[in-house]
Amino acid sequence: MTSKLKFPSDEWIKELSAQLNASEAYAQSAKDWEGDFVFIVEPDSAYDDTAYLYLGLYHGKSPDAALLPSLDDREAEFMLSAPFSVWRQVIEGKLDAIQGMMTRKLKVRGNMMKIMRYPKAAKEIVSCCALIPTDFGD
Amino acid sequence: MWYFVSPQIVFGPDSLEALDELNGSRALIVTDANLVQLGIVEQVQAHLQKAGLSVSLFDQVEPDPSVQTVQRGAQVALEHQPDWIVGLGGGSSMDAAKAIWVLYERPDLHPAEINPFMPLGLRQKARLITIPTTSGTGAEVTWAIVLTDTEEQRKMGVGSRENCADLAIVDPALTVNMPPQLTADTGLDALTHAVEGFTCSWHTDFTDGLCIQATRMIFQYLPRAVENGSDMEARERMHNAATCAGLGFGNAMASLAHAMGHTLGALFHLPHGRAVSIFLPYTIEFFSHEGEGEPARFAALADAVGVNSGWGLTLAQYIRDLCQRIGNPISVAQAGIEQGDYLASLDKLIEDAFNDTQILTAVRTPTYDQLRQLFLYAYEGRPVDF
């Protein structure tokens, strides 16, 4: 894959899913994980819409991913929301996702007890994001 | 955007007298039975009573406090309704006090749900004072809470910026009764905080100076404090160093030696400071690997503290020399853990270290296999060459 994928888009989240499925580090760190995510991309000065990116996650793999038409379209145990520009900083490696959550630039909803047991898996997801050549619409 | 969080700190000889000025009506002291026997609880109690507070006591904190212990402590708090909670002791008692305080304010939470991602809304019922009686954990100024899940034999890091203490009292007189081994273990814990706080990926301009100064003081004063517990200059400087290191790493993070030490300590019941400090030189060598780690960062710390030479690897050897000088092990084998037991637990050691929050800020993230190698090298005492 050489061409850049637009963020947010169905292609982009499917590529993240593919990167995760190819990642040995993710497979090992999330081998017991069960719980799908929806990433909510909120509008800001650089992006007008709201986008919902569904990422299925199960036992170290990502069986499914899609851009959802609405939040009601798929059920997910966890939600991570932030304005477009914050997502961009995370994907470009300029903002540590965990620090983003701690400063509440990224807001997380779901069972925190469960999330806090898998910090390495969270880091691997972000690492895979950085592997995707991304078009932010500049 | 980031934060620097600190309590008000009262330090130096006689700083316990700061308690005389408290406003409030009821205090709950959270501590362990040993400090009751040593008469230290009585001293603190007397100061609180001088301030006009009625004092209740929860003295059931064990080393590596469990989820169940802090739940029991919270129940005591709910019965006595204190407006001050006083964590008195080593890291276990202070961490337990933080958790008890949170659960007292938020009885709806399970301890494992205390996290930095959501507001907790504390300080509606009480505020927190921390008084360390060891010089190591820095828990008096950090917001992290380490609890043990006894069912899974696993340590878990929880906490929120909000549960940082309001007041920390760093009085060196409370440390004179520490035996040499405890002085050594806790001092090496402080050293590991200072080194990892300086070299982790979340270090900042606000934390670097504290970590450098703490490292310097520990190299200088820890051997003296171990050799002669009555050396009050060494005791005071070590007490201050531990708090400086706490502020440093508490506002940055620790790193891989803590991730590995947590899991070793939980499985083999090794004192925390001893466990993390065994791994520190090996992780420094791993991070200093040419082209993959951040050797310059370790070299900078070595230069700043006068270890010299511009090589992080020298720092690793210097730390091993310090450990040996004060009688502490430099390998897992030397710590008295049987090889068969260790190898039988290796998968769990790796698994738990891999999922420890402190691994997130490692400047070179080990693969699963590298982590296995690190555990094996540390067992044998082989300097890391990969």
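**Entry 1: domains of chain B**

Into which domains is chain B divided? I looked this up and found domain 1 (8–175) and domain 2 (180–380). The bounds come from an automatic or database domain assignment. Before going on, I noted that this is a predicted model, in which local features need pLDDT of at least 70, side-chain atom pairs count only at pLDDT 80 or more, and totals for chains, interfaces and linings use all residues. I also noted that residues are numbered from 1 along each chain as its sequence is written, while chains are lettered from A and ligands numbered from 1 in the order in which they are written.

I checked pLDDT, the predictor's confidence in each residue, from 0 to 100. Chain B averages 95, and 98% of its residues score at least 70. For the model I wrote down an ipTM of 0.86 and a pTM of 0.93.

I found the C-alpha centres of domain 1 and domain 2 of chain B 25 Å apart. Domain 1 of chain B brings 24 residues to the contact and domain 2 of chain B brings 27 residues. Here, two residues are in contact if their C-beta atoms, placed from the backbone, lie within 7 Å.

Which elements give two or more residues to the domain 1 side? I listed β1 (8–11), β6 (144–149), β7 (154–159) and β8 (167–170) of chain B. The largest share, three residues, comes from β7(B). My element names follow DSSP runs: helices are H or I with at least four residues, strands are E with at least two, and both are numbered from the N terminus.

I sorted this side of domain 1 of chain B into nine nonpolar, 12 polar and three charged residues. For the sorting, Ala, Val, Leu, Ile, Met, Phe, Trp, Tyr, Cys and Pro count as nonpolar, Asp, Glu, Lys and Arg as charged, and the others, Gly among them, as polar.

**Entry 2: between the chains**

I then turned to chain A, where 17 residues are in contact with 16 residues of chain B. The chain B side has 10 nonpolar residues, five polar and one charged.

**Entry 3: a sheet in chain A**

I traced an open sheet of five strands in chain A, with the order β4-β3-β2-β5-β6 and mixed pairing. Two strands pair if DSSP finds at least two bridges between them. Why is one side of β4 (65–68) and of β6 (107–109) of chain A left without a neighbour in the sheet? Both stand at the edges with a single partner strand each, so one side of each has no neighbour there. The twist averages 20° from one strand to the next.

I followed β5 (residues 78–83) of chain A to β6(A): three bridges join them, and they run antiparallel. One pairing I picked out is A:S81 with A:K107 in β6(A).

Helix α1 (residues 10–22) of chain A lies across β3 (51–55) and β4 of chain A, at about 155° to β4(A). Axes are lines fitted to C-alpha atoms, for helices over the stretch in contact, and angles run from 0 to 180 degrees between N-to-C directions. Helix α3 (residues 84–91) of chain A lies across β2 (37–42) and β5 of chain A, at about 105° to β5(A).

I spotted a cis peptide bond joining A:F7 and A:P8, with omega about -5°. A:P8 sits in the loop between β1 (5–6) and α1 of chain A.
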